[in-house]
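The sequence and structure are shown first.

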Amino acid sequence: MAAKILANLIIMGSGILLRGVAQAYRQALQNASKSGVAQETLQNAVRRGSKVMTKQEARQILGVTEQSSWEEIAKKYDTLFERNATNGSFYLQSKVHRAKECLETVYQPKNHSGDPSV
């Protein structure tokens with residue numbers, strides 16, 4: 001008899017606990033949508049998922065400023081790329097390469113005709 005009562009108490013208690021957790025979760029979602037936290041979290045996830053490097057991040061990786069010339073950037077790139085090729089990490093070497101690619105779009109003129117002499 002005591003085991004039956006104990007089993008009923010456990011079942012009822014877990015049901016009450018489950019309903020309370022579900023209600024708290026719904027309330028947390030409502031609060032997040034009201035405060036904009038959900039939207040901000042989604043934007044951060046998209047930004048992280050796209051893995052697009054910003055120009056500021058690229059400049060930080062290469063150690064250059066906005067006023068740096070393309071020659072300075074290329075020199076920094078060569079130095080950092082070679083340093084990581086010989087005794088560095090492939091990850092850092094990849095970051096250096098992606099930073100240079102990102103800044104190429106800013107510094108290199110676009111050639112729409114396909115003719116390299118233009």
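## Contacts of Ile73

Ile73 touches Leu62, Val64, Ser68, Leu103 and Tyr107, residues up to four places away in sequence not being counted; contact means heavy atoms within 4.5 Å. The model is predicted: local features need pLDDT of at least 70, side-chain atom pairs count only at pLDDT 80 or more, and totals for chains, interfaces and linings use all residues. Residues are numbered from 1 along each chain as its sequence is written, and side-chain values use heavy atoms, with hydrogens and water left out.

## Nonpolar core

Ile73 is one of the twelve residues of the largest nonpolar core, together with Met53, Ala58, Leu62, Val64, Trp70, Tyr77, Leu80, Val96, Ala99, Cys102 and Leu103. At least two residues of this core come from each of α3 (55–62), α4 (70–87) and α5 (90–107). A nonpolar core is a set of buried Ala, Val, Leu, Ile, Met, Phe, Trp, Tyr and Cys residues joined through side-chain atoms within 4.5 Å. Buried means under 20% relative accessible area, exposed over 50%, and partly exposed in between (1.4 Å probe, protein chains only). In soluble globular proteins, nonpolar side chains tend to be buried together.

Asn84 lies in helix α4 and is buried, with a relative accessible area of 12%. Apart from neighbours within four places in sequence, Asn84 is in contact with Ser89, Leu92, Gln93 and Val96.

Arg98 belongs to helix α5 and is partly exposed, at a relative accessible area of 46%. Its side chain makes a polar contact with the side chain of Glu101 (2.8 Å). A polar contact is a pair of N or O atoms within 3.5 Å; within protein, one must be able to donate a hydrogen and the other to accept it, and residues adjacent in sequence count only if both atoms are side-chain atoms.

## Overall fold

The protein has five helices and zero strands; these are DSSP runs (helices H or I, at least four residues; strands E, at least two), numbered from the N terminus. Of its 118 residues, 15% count as buried.

## Confidence

The mean pLDDT, the predictor's confidence in each residue from 0 to 100, is 81 for the protein, and 79% of the residues reach 70 or more. Over residues 111–118 the pLDDT is below 50, and this stretch has three contacts in the model beyond near neighbours in sequence. Where pLDDT is low, the predicted coordinates should not be read in detail.
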